[in-house]
Amino acid sequence: MHPVGTPDKGREEQKSRRRVLDALRRGMAMRTIVHASVLDDPRKAARIRELHASGDLHRVVDEPIQQVLIFDRAVAFVRMTPVAYAPGALVIRQPSLIAVLVDLFERTWVGAREVTEPVQRLTAREREVLELIAEGRSNSAVARELSITEAAVGKHVAGVFAKLELPASEDVNRRVLAVLAYLRGTAR
């Protein structure tokens, strides 16, 4: 956690990333749950994928979460104010409170999605659009169902294609490939 007014957040983020990577190389085990909106920022998404590939396992949730850090099931840090870069944290060492936080983490972990699957890069709205496409609906039917314009559906579909890395080609139907990716991502 960084204090308010960190002069160079980019430099602090780089130092933090190096510390985490060093700890992972030394054998530390980490599991991290992130909110799906984090994956909308390409820089943050790339960092998460790098850390995940290095052993800091990540999962994604759609519901709001608060930052909690738990070390060795012996000490926990809970942010005092649910605002990014707010100063201060509550340090918890009481075993029964830590047990409750660990249980909350484990329950959230089980219900969270894998971060490594391309479908998990999609925003909640893009997943809604793709789900309706998987039901066989046209863009106009998707627009009616979600009460948005067809142009908005088109933008969401383009976002789905980009995030699933489905380039335009005369040889393939990207809608079908996107639906297949969706089905693989939700079948687990």
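Begin with helix H5, where the buried residues pack against H4 and H6. Contact here means heavy atoms within 4.5 Å, and helices (H or I, at least four residues) and strands (E, at least two) are DSSP runs, numbered from the N terminus. Select Ala141, Val142, Ala143 and Leu146: these are the buried residues of H5. Buried means under 20% relative accessible area, exposed means over 50%, and partly exposed is in between (1.4 Å probe, protein chains only).

A word on what you are looking at: this is a predicted model, in which local features need pLDDT of at least 70 and side-chain atom pairs count only at pLDDT 80 or more, while totals for chains, interfaces and linings use all residues. Residues are numbered from 1 along each chain as its sequence is written, and side-chain values use heavy atoms, with hydrogens and water left out.

Now step just past the end of H5 to Ser147, which takes a positive phi of about 55°. Ser147 sits in the loop between H5 and H6, and its relative accessible area of 66% makes it exposed.

For a second example, jump to Asp72 in the loop between S3 and S4. Its phi is near 50°, again positive in a residue other than glycine. Asp72 is exposed too, at 76% relative accessible area.

Which residues touch the most other members of the largest nonpolar core? Select Val129, Leu130, Val142, Val160, Leu164 and Ala178, out of 18 residues in that core. The elements giving two or more residues to this core are H4 (124-134), H5 (139-146), H6 (150-163) and H7 (174-186). A nonpolar core is a set of buried Ala, Val, Leu, Ile, Met, Phe, Trp, Tyr and Cys residues joined through side-chain atoms within 4.5 Å. Zoom in on Val160: leaving aside residues up to four places away in sequence, it touches Leu122, Glu126, Leu130 and Ala178. There is also a second, separate core of 7 residues, with Val34, Ala36, Ala45 and Val60 among them.

Now select 95-111, which is helix H3. Its 17 residues reach 24 Å from first C-alpha to last, close to the 24 Å expected at 1.5 Å a residue (the expected span is 1.5 Å times one less than the number of residues). Colour Ile98, Leu101, Val102 and Trp109, which are buried. Look down the axis of H3 and its buried residues fall within an arc of 100°, so they line one face; the arc is that of the directions from the helix axis to the C-beta atoms. On the other side, Val100, Arg107, Val110 and Gly111 are exposed. What covers the buried residues of H3 includes strands S1 (30-35), S2 (56-61), S3 (68-71), S4 (75-79) and S5 (89-92).

Last stop: rings. The whole structure has 2 aromatic pairs. Rings of Phe, Tyr and Trp (its six-membered ring) pair if their centres lie within 6.5 Å; planes under 30 degrees apart count as stacked, over 60 as edge-to-face and the rest as tilted. Phe71 and Phe77 have ring centres 5.8 Å apart and planes at 80°, so they are edge-to-face. Phe105 and Trp109 have centres 5.8 Å apart and planes at 25°, so that pair is stacked. Both Phe105 and Trp109 lie in H3, 4 residues apart.
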